[in-house]
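Student: I would like to learn how to read a few local features in a model. Could we take them one at a time?

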Amino acid sequence: MSEAGFSASWLDLREPADHAARDGGLLAAAQACLNPGQVILDLGSGTGSTARAFARSGLCAPWRFLDGDAELLRLAGKRHPGSEQVVANLADVNTLPLDGVGLVTASALFDLMPRHWIAALAARLRQARIPLYSALNYNGEMSWTPEQPLDAEITAAFNRHQLTDKGIGPATGPHAAEVTKEIFEAQGYHVRVADSPWDLSPKHTALQTDLNRGIAAAAQDAGHPRAQAWLSAPSRSYTRIGHTDLL
């Protein structure tokens with residue numbers, strides 16, 4: 001979501017890891033929710049990575065991309081000819097363009113959003129009888145190999161930072177999946193959940209480098225006094241970042 005400062009270069013860097021992490025069973029089940037001719041509305045779409053994940057498994061459907069960043073949407077339109085691009089603020093779910101929509105999707109978004117926003121979205125989608133597929137929600141779990149003594153403290157500080165206000169209220173952060181499940185079940189939805197962790201290896205060196213810089217900066221903002229010392233320690237070959245997919 002561009003309001004959080006995500007750039008096209010970062011989105012492109014993380015895309016292969018995102019595609020590898022998605023739970024295949026939930027992705028297939030999400031595709032099966034869609035009837036012929038219905039549109040998929042992708043929230044906080046960036047350059048359209050969710051559509052490319054669907055395309056990798058053979059789904060060809062009309063996409064309506066919604067984001068606050070016109071430049072990211074221009075790239076999405078270029079990469080997905082025939083798609084719709086809607087520049088809009090996600091804050092007000094009552095303005096979401098749901099006409100013709102058979103499925104709403106989001107990736108790496110709900111952990112940035114507050115509980116009241118998720119509740120408002122659930123009520124709106126229930127009224128319209130539209131299912132939701134929300135993938136790659138950060139769940140608070142991080143580990144590195146080889147381990148370092150500060151890893152647990154850095155993870156705790158990062159998780160505190162994830163709960164801060166990202167623009168429209170305190171984020172659900174690492175609790176996003178459980179909060180979303182609770183809220184949608186209260187609206188009468190049947191919710192399926194699956195793990196979708198990033199398992200990063202030496203072939204993901206550039207992603208691990210940028211990721212660790214971001215983690216250290218967030219931990220430092222959250223008050224950890226040795227975040228930069230943690231970042232400066234010998235590099236690790238493997239990183240696991242926990243995510244949860246929901247349908």
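Student: Where is the place of Ile130?
Tutor: This is a predicted model. In it, Ile130 sits in the loop between α5 (115-128) and β5.

Student: Is Ile130 buried or exposed?
Tutor: Ile130 is buried, because its relative accessible area is 4% and the cut-off for buried is under 20%.

Student: What does Ile130 touch, not counting residues up to four places away in sequence?
Tutor: Its contacts are Leu98, Val101, Gly102, Leu103, Val104, Leu125 and Tyr189. For Val104, 26 residues from Ile130 along the chain, the C-alpha separation is 7.1 Å.

Student: Let us turn to helices. Why does the span of α6 agree with what it should be?
Tutor: Helix α6 covers residues 151-162, twelve residues, and at 1.5 Å a residue it should span 16 Å. The C-alpha atoms at its ends are 16 Å apart, so the two values agree.

Student: Which residues of α6 are buried?
Tutor: An α-helix has 3.6 residues a turn, so residues three or four places apart point the same way. In α6 the buried residues are Asp151, Ile154, Thr155, Ala157, Phe158, Asn159 and Gln162.

Student: What do the buried residues of α6 pack against?
Tutor: They pack against β5 (132-145), α8 (205-221) and α9 (227-232).

Student: At what angle do α6 and α8 pack?
Tutor: Two packed helices are described by the angle between their axes and the distance between the axes. For α6 and α8 the angle is about 75 degrees and the axes are 8 Å apart. The two helices are therefore roughly perpendicular to each other, a term that covers angles of 65 to 115 degrees. On the α6 side the contact is made by Ile154, Ala157, Phe158 and His161, and on the α8 side by Ile215, Ala218, Ala219 and Asp221. By type, the residues of this contact divide into six nonpolar, one polar and one charged.

Student: How many aromatic pairs does the count come to?
Tutor: A pair of aromatic rings is described by the distance of the centres and the angle of the planes. Here the count comes to seven aromatic pairs. One of them is Phe110 with Trp117: the ring centres are 5.4 Å apart and the planes are at 85 degrees, so the pair is edge-to-face. Phe110 is buried at 0% relative accessibility, and Trp117 is buried with a relative accessible area of 1%.

Student: What are the distance of the centres and the angle of the planes for Trp144 and Trp230?
Tutor: The ring centres of Trp144 and Trp230 are 5.1 Å apart with planes at 75 degrees, so this pair is edge-to-face. Trp144 belongs to strand β5 and Trp230 to helix α9, so the pair ties together parts that are 86 residues apart in sequence. Both tryptophans are buried.

Student: Which residues do ring pairs link into a cluster?
Tutor: The cluster is made up of Phe54, Trp63, Phe65 and Tyr133.

Student: Now the backbone. Which residues are joined by a cis peptide bond?
Tutor: Thr145 and Pro146 are joined in this way, with omega about 0 degrees. Pro146 is in the loop between β5 and α6.

Student: What is phi of Ala108, and what is phi of Leu136?
Tutor: Phi of Ala108 is near 50 degrees, a positive value in a residue other than glycine. Ala108 lies in the loop between β4 (101-107) and α5, and is buried with a relative accessible area of 14%. Phi of Leu136 is near 60 degrees, again positive in a residue other than glycine. Leu136 is part of strand β5 and counts as buried at 1% relative accessibility.

Student: To finish with a glycine, where is Gly173 found?
Tutor: Gly173 is in the loop between α6 and α7 (176-186). Its relative accessible area is 0%, so Gly173 is buried. Leaving aside neighbours within four places in sequence, Gly173 is in contact with Asp111, Tyr138, Gln162 and Leu163. Gly173 and Asn139 are 34 residues apart in sequence, and their C-alpha atoms are 7.4 Å apart in space.

Key
Residues are numbered from 1 along each chain as its sequence is written. This is a predicted model: local features need pLDDT of at least 70, side-chain atom pairs count only at pLDDT 80 or more; totals for chains, interfaces and linings use all residues. Side-chain values use heavy atoms; hydrogens and water are left out. Helices (H or I, at least four residues) and strands (E, at least two) are DSSP runs, numbered from the N terminus. The expected span of a helix is 1.5 Å times one less than its number of residues. Buried means under 20% relative accessible area, exposed over 50%, partly exposed in between (1.4 Å probe, protein chains only). Contact means heavy atoms within 4.5 Å. Axes are lines fitted to C-alpha atoms, for helices over the stretch in contact, and angles run from 0 to 180 degrees between N-to-C directions. Angles under 35 degrees count as roughly parallel, over 145 as roughly antiparallel, 65 to 115 as roughly perpendicular and the rest as oblique. Ala, Val, Leu, Ile, Met, Phe, Trp, Tyr, Cys and Pro count as nonpolar, Asp, Glu, Lys and Arg as charged, and the others, Gly among them, as polar. Rings of Phe, Tyr and Trp (its six-membered ring) pair if their centres lie within 6.5 Å; planes under 30 degrees apart count as stacked, over 60 as edge-to-face and the rest as tilted.
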